[in-house]
Amino acid sequence: MSELYDRIERLCDERDLTITELCRRAGVSRASLSDLKMGRKQGLSAQSLTKIAASLDITVDRLLGKAPENLINEDPELTEYLQMLKTRPECRMLFQLSKDASREDVEAAVRIIEALRNKP
């Protein structure tokens, strides 16, 4: 069985979706995935990969195993921010101070930080 098929199967399981239902939603033949599973096919066309990824609400990179599996809401930027909050106390402090601040207060703080970073 191919790694790609295993990944597709796991993603379907996570979404309580059968492979057959995925194929129907994506407009991809069930036979193409059966061939992939049985090793009679090395991969899928770019068009099929795009359709399957869209049906699973993920990126093609994640479908191909080229993107981290643990993305928050499929959003690398959000994932990076949450990782920074976990690992950088100063970022956590800024977040704590700004979580109840008004938009204007946050924008003023950003301008101050930008000015500090740009000083000679």
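In the predicted model, helix H2 (residues 19-26) packs against helix H4 (residues 46-56) at an angle of about 110 degrees, with the two axes 9 Å apart. Helices are DSSP runs of H or I with at least four residues, numbered from the N terminus; axes are lines fitted to C-alpha atoms over the stretch in contact, and angles run from 0 to 180 degrees between N-to-C directions. H2 and H4 are therefore roughly perpendicular to each other, a term that covers 65 to 115 degrees, whereas under 35 degrees counts as roughly parallel, over 145 as roughly antiparallel and the rest as oblique. Their crossing is right-handed, that is, the near helix is turned clockwise from the far one by less than a right angle. On the H2 side the contact (heavy atoms within 4.5 Å) involves Leu-22, Arg-25 and Ala-26, and on the H4 side Lys-51, Ile-52, Ser-55 and Leu-56. Four of these residues are nonpolar, one is polar and two are charged; Ala, Val, Leu, Ile, Met, Phe, Trp, Tyr, Cys and Pro count as nonpolar, Asp, Glu, Lys and Arg as charged, and the others, Gly among them, as polar.

Residues are numbered from 1 along each chain as its sequence is written. Because the model is predicted, local features need pLDDT of at least 70 and side-chain atom pairs count only at pLDDT 80 or more, while totals for chains, interfaces and linings use all residues, and side-chain values use heavy atoms, with hydrogens and water left out.

Leu-4, Tyr-5 and Ile-8 of H1 meet Arg-30, Leu-33, Leu-36 and Lys-37 of H3. This contact comprises five nonpolar and two charged residues, with no polar ones.

The largest pocket has a volume of about 330 Å³. A pocket is an open set of points on a 1 Å grid where a 1.4 Å probe fits, with protein on both sides within 12 Å along at least five of seven lines, and lining residues have an atom within 4 Å of a point; the volume is the space filled by probe spheres set on the points. Helices H6 (76-87), H7 (89-98) and H8 (103-118) each supply at least two lining residues, and H7 gives the largest share, five residues. Among the lining residues are Tyr-81, Met-84, Phe-95, Ser-98 and Ile-113. By class, the lining has 11 nonpolar residues, one polar residue and no charged residues.
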